[in-house]
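Please work through the exercises below with the sequence and the structure at hand. Each task is followed by a solution in steps.

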Amino acid sequence: MKARIFVTLKGGVLDPQGKAIHHALEGLGFGGVNDVRAGKLIELDLADCTSDEEIDAMCRKLLANTVIENYRIEKA
Amino acid sequence: MKSAVIVFPGSNCDRDLAVAFEAATGAKPAMIWHRDTELPDDLDLIGVPGGFSYGDYLRSGAMAARSPVMQAVAKAAERGAYVLGICNGFQVLTESGLLPGALLRNAGGHFVCRDVALTVENAQSAFTSRYDAGEAIRFPVAHHDGNYFADADMLDRLEGEGRVALRYTESVNGSARNIAGILNEAGNVLGMMPHPERVIEAAHGATDGRRLFEGLVEGLLARA
């Protein structure tokens, strides 16, 4: 079983990386980009018996820092 | 007086911190590898040094915070040992939950490496007792992720409880309320981005950091 974990900064948390990407896009002549937020994608290859609770615990205990980040789990 | 410095793969200020501990305590600190699950008994002082533990993978300090030795550090902090986290050590302490908040990428996106002016906000703590309240001091900083973040309630609480130990006099990295160093609730854990261990001898060009270590030792002697 595979799971993809999307980790994104919470709204209101400054994202200098996203800002730098935004500037670079503008530098390449792409207009109309209102904002850029950068996040992380973590792909897990899991034993089939892994429970949803366990995956959630992995996110809370390590993969995301819930002080500043949100996470979303997508199972494939 | 027994002290220790935790060493993670990628720590690079561990030996500087050991020199500062030895100068202040008169004894060499134990150097503790991150895989160790136990610390020497009755440690009075534990240093979590600067560097780039685990290559800053995932988030700065994230992997180090989950290493076996940090559980032992948390236990020692619980029983009242002093814990000083500097730079990456501050990041490790927030990631491990020993201190609130988080350290984000610097607001300007740049690595900041220079001397900065600081104000001692709380001169009552074990770490700052040898400074005067409101005293202006200078420590070097060298970090990419020093932008302190906590929600407004937590920031108000830190301010109200006198837990903001050190503040930048100007914006250095985008830190909320220019916070440079904070204390835990009990006052025995301090995390700070600037490097006091780099300014303890005349040969360093300044000695503002020396009193931090001397004050700690004084406090420990008084407590013993």
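This is a predicted model: local features need pLDDT of at least 70, side-chain atom pairs count only at pLDDT 80 or more; totals for chains, interfaces and linings use all residues.

**Exercise 1.** Determine the strand order of the open three-stranded sheet in chain A and state which strands stand at its edges.

*Solution.* 
Step 1. The strands are arranged as S2-S1-S3, and their pairing is antiparallel.
Step 2. S2 (40-45) and S3 (69-75) of chain A each have a single partner strand, so one side of each lacks a neighbour in the sheet.
Step 3. On average, neighbouring strands are turned by 20° against each other, direction ignored.
Step 4. Helix H2 (residues 52-63) of chain A packs on this sheet and touches S1, S2 and S3 of chain A. The direction of H2(A) makes about 150° with that of S3(A).

**Exercise 2.** Describe the pairing of strand S1 with S2 in chain A and identify the bridge partner of Val7(A).

*Solution.* 
Step 1. S1 (residues 2-9) of chain A pairs with S2(A) in the antiparallel sense, over six bridges.
Step 2. Within S2(A), Lys40(A) is the bridge partner of Val7(A).

**Exercise 3.** Characterise the side of chain A that touches chain B.

*Solution.* 
Step 1. Ten residues of chain A are in contact with 13 residues of chain B.
Step 2. Helix H1 (residues 16-27) of chain A supplies the largest share of the chain A side, four residues.
Step 3. By class, this side comprises seven nonpolar, two polar and one charged residues.

**Exercise 4.** Locate the largest nonpolar core and trace the contacts of Val73(B).

*Solution.* 
Step 1. The core has 74 residues, and those with the most contacts inside it are Ile6(B), Ile46(B), Val73(B), Val83(B) and Leu216(B).
Step 2. Helix H3 (residues 68-78) of chain B gives the most to this core, with six residues.
Step 3. Apart from neighbours within four places in sequence, Val73(B) is in contact with Ile6(B), Ile46(B) and Val83(B).

**Exercise 5.** Which residues does UniProt list for "active site", and are His195(B) and Glu197(B) buried or exposed?

*Solution.* 
Step 1. The unreviewed UniProt entry lists Cys87(B), His195(B) and Glu197(B).
Step 2. These residues span 111 residues in sequence, yet no two of their C-alpha atoms are more than 11.0 Å apart, so they gather at one spot.
Step 3. His195(B) is found in the loop between strand S11 (189-192) and helix H6 (210-223) of chain B, and Glu197(B) lies in the loop between S11 and H6 of chain B.
Step 4. A residue is buried if 20 or more other C-beta atoms lie within 10 Å of its own. His195(B) has 22 C-beta neighbours inside 10 Å and therefore counts as buried; Glu197(B), with 29, also counts as buried.
Step 5. Not counting residues up to four places away in sequence, His195(B) touches several residues, including Cys13(B) and Cys87(B).

How values were computed
Residues are numbered from 1 along each chain as its sequence is written. Chains are lettered from A and ligands numbered from 1 in the order in which they are written. Two strands pair if DSSP finds at least two bridges between them. Helices (H or I, at least four residues) and strands (E, at least two) are DSSP runs, numbered from the N terminus. Axes are lines fitted to C-alpha atoms, for helices over the stretch in contact, and angles run from 0 to 180 degrees between N-to-C directions. Two residues are in contact if their C-beta atoms, placed from the backbone, lie within 7 Å. Ala, Val, Leu, Ile, Met, Phe, Trp, Tyr, Cys and Pro count as nonpolar, Asp, Glu, Lys and Arg as charged, and the others, Gly among them, as polar. A nonpolar core is a set of buried Ala, Val, Leu, Ile, Met, Phe, Trp, Tyr and Cys residues joined through C-beta atoms within 7 Å. A residue is buried if 20 or more other C-beta atoms lie within 10 Å of its own, exposed if 12 or fewer, and partly exposed in between; C-beta atoms are placed from the backbone. UniProt positions are given in the numbering used here, feature names are shortened, and annotations may be inferred rather than shown by experiment.
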